[in-house]
Amino acid sequence: MKKIVAVVFVLLLLNAAYVAAFPSPTIFYEGNVLLHLVLGLLAAIGLVWIFKPQTWVPAGFLLGSLLFGFWLVRFGATRPNHWAVLLHAGMAVL
């Protein structure tokens, strides 16, 4: 299980780098945004499954990143919502 979560996490990091570096209105980009959502959910579920939140601080940052991710899905990662994109990424890094 840990190897699968590690692979999903690495794929999520690579996908996040692409989504952040090449924002363009193409089908390929939108597919990567959807893939980012799926990989993020899988990574979060896997991390909670493996670590069974032993400390509340990392779990709080993970939950915050997930909530801002869902907020971005609902309202869009557009220029007016750039603050939410930064919070989503920052909490994920922490």
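Biologist: Which residue lies over the face of Phe 75?

Modeller: In this predicted model, a charge counts as sitting over a ring if, for Arg, CZ is within 6 Å of the ring centre and within 35 degrees of the ring normal. The distance to the centre of the Phe 75 ring is 4.9 Å. The residue over that face is Arg 74.

Biologist: How many helices does the protein chain have, and what pattern does the chain follow along the sequence?

Modeller: The protein chain contains 0 strands and 4 helices.

Biologist: What is the geometry of the aromatic pair formed by Tyr 18 and Phe 28?

Modeller: Tyr 18 belongs to helix H1 and Phe 28 to helix H2, 10 residues apart. Their ring centres are separated by 5.5 Å, with 75° between the planes. Planes over 60 degrees apart count as edge-to-face, and the pair is accordingly edge-to-face.

Biologist: Why is the pair of Tyr 18 and Tyr 29 classed as it is?

Modeller: The ring centres of Tyr 18 and Tyr 29 lie 6.4 Å apart. Because their planes stand at 45°, the pair is tilted.

Biologist: Is Tyr 29 buried or exposed?

Modeller: Buried means under 20% relative accessible area. Phe 28 is exposed at 57%, and Tyr 18 is partly exposed at 23%. Tyr 29 has a relative accessible area of 12%, so Tyr 29 is buried.

Conventions
Residues are numbered from 1 along each chain as its sequence is written. This is a predicted model: local features need pLDDT of at least 70, side-chain atom pairs count only at pLDDT 80 or more; totals for chains, interfaces and linings use all residues. Side-chain values use heavy atoms; hydrogens and water are left out. Helices (H or I, at least four residues) and strands (E, at least two) are DSSP runs, numbered from the N terminus. Rings of Phe, Tyr and Trp (its six-membered ring) pair if their centres lie within 6.5 Å; planes under 30 degrees apart count as stacked, over 60 as edge-to-face and the rest as tilted. Buried means under 20% relative accessible area, exposed over 50%, partly exposed in between (1.4 Å probe, protein chains only).
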